[in-house]
Amino acid sequence: MRQRGWKKMGGQALSLVVLLFLVFIILYPFIWMLVTSFKAEADIVAYPPRLFSGTFSLDAYRDIWDRIPFLTYYKNTIIFALSVSVISLTFDTMAGYAFARMDFPGKNVLFLLVMGTMMIPFQVVMLPLFVEVFKLGLINTYAGLILPRATSAFGIFMMRSFFISLPKGLEEAGRIDGAGEFRIFWKIMLPQCKAAVISLFIFHFMAQWNDLLYPLILTTSDSKKTLPAGLATFMGTHVVEYGLIMAGACLSILPIFILYLFAQKQFVQGIAMSGMKG
C-alpha cells in the first residue's frame with residue numbers, strides 16, 4: 001500500500017512538473033514582450049539576447065503617444081471590433097438557429113456552401129473585396145471596415161452546433177403557448193445559449209482586435225487605422241523599433257485580457273458545449 005501511495009505521489013509530482021513546464025512555454029513570449037517594452041533599444045538588440053539585461057525605463061510607453069496617434073488607433077479598433085462583434089453575433093445566432101431548428105428548401109446545400117467559405121483563405125478574396133469596397137466609396141470608412149465582416153461562417157457553425165444540442169421540447173412548448181418563430185428564438189432558445197453567445201462574442205472581438213491585413217488594405221489614413229495597422233508603422237525597411245512595438249503590443253492586448261478575466265467561465269463553457277452535436 002505504501003509503495004502504491006509513493007507511486008501515486010510520484011505520478012502527481014511528474015504531472016505537476018510537466019504542466020508547469022508547459023505553462024512556462026506558453027507564458028514566456030508574453031514575459032519577453034513585457035520585459036522588452038521597458039528596455040532601451042540598444043539592450044534589446046544586444047547579442048547574445050538576454051531577458052533581464054541593461055537598464056529599464058518607461059521611455060517606450062511615453063514616446064509611443066507622441067510618435068503615433070495611439071488614442072485614435074485605440075478608438076478606431078474599439079469601434080471596429082465592437083461593432084463587428086455585435087452585428088456578426090446577431091446574424092450568426094439567427095442563421096445558426098435557422099439551420100439548426102427550422103426546415104426550408106435547400107437548407108443542407110446552403111449550409112454546406114456557407115461552411116465551404118471557411119476553406120477559402122482571405123488572401124484569395126482580398127483583391128475582389130478591395131475593388132468592391134472601393135467602388136462603393138467606402139474605403140477608409142467605418143462602414144467599409146464593418147459591413148464585409150457582418151457575419152461569419154464560423155459563428156454560424158458554432159451557434160448551429162449549440163442550438164442542435166438543446167432539447168426539442170423547448171420550442172414545442174412555445175408553439176403550444178401560441179408563440180411565433182421569432183419569439184421562440186428570442187424568448188426561449190437564445191437565453192439557453194448565454195455561454196455560447198459570450199464565447200462567440202469573445203472570438204469575434206479578439207479576431208477583429210488582432211487583425212492586421214484586413215484593416216491595412218481598407219484604410220489609407222491615420223484617422224481610420226486600427227492598432228495593428230498603426231503599430232506596423234514602426235516596422236521600417238531597415239530599422240525596427242522593437243521597444244515601441246512591444247510597448248504598443250502590451251497596451252493593445254490589455255482590453256482582451258480584461259475581457260477574458262470577466263468572461264472566462266462562460267468562455268470555457270461555450271467551448272466545451274458548442275461541439276456537442278454537429
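A: Two residues are in contact here when heavy atoms of theirs lie within 4.5 Å of each other. The model is predicted, so local features need a pLDDT of at least 70 and side-chain atom pairs count only at pLDDT 80 or more, while totals for chains, interfaces and linings use all residues. Residues are numbered from 1 along each chain as its sequence is written, and side-chain values use heavy atoms, with hydrogens and water left out.

The part to start with is Ser37, which is found in the loop between helix H1 (2-36) and helix H2 (41-44); helices are DSSP runs of H or I with at least four residues, strands are runs of E with at least two, and both are numbered from the N terminus. With a relative accessibility of 0%, Ser37 counts as buried, a label that means under 20% relative accessible area, whereas exposed means over 50% and partly exposed lies in between (1.4 Å probe, protein chains only). Leaving aside residues up to four places away in sequence, Ser37 touches Ser57, Ala60, Tyr61, Gly243, Met246, Ala247 and Cys250. Its side chain also reaches the backbone oxygen of Leu34, at 2.5 Å.

Turning to the rings, those of Phe, Tyr and Trp (its six-membered ring) form a pair if their centres lie within 6.5 Å, and planes under 30 degrees apart count as stacked, over 60 as edge-to-face and the rest as tilted. By this rule there are 19 aromatic pairs. One of them joins Phe80 and Tyr214, which are stacked at 6.0 Å centre to centre with 25° between the planes. Because Phe80 lies in helix H4 (residues 70-101) and Tyr214 in helix H12 (residues 213-218), this pair ties together parts that are 134 residues apart in sequence. Phe80 counts as buried at 0% relative accessibility, and Tyr214 counts as buried at 1%.

The rings of Phe130 and Phe134 are stacked too, since their centres are 6.3 Å apart and their planes meet at 15°. Both residues belong to helix H6 (residues 122-135), four residues apart, or about one turn of the helix. Phe130 is partly exposed at 31%, and Phe134 counts as exposed at 55%.

A charge sits over a ring if NZ of Lys or CZ of Arg is within 6 Å of the ring centre and within 35 degrees of the ring normal. Arg160 lies over the face of Phe111 at 4.2 Å from the ring centre, and the charged end of Lys224 sits over the ring of Tyr142, 4.9 Å from its centre.

How values were computed
Polar contact = N/O pair within 3.5 Å; in protein donor to acceptor, adjacent residues only side chain to side chain.
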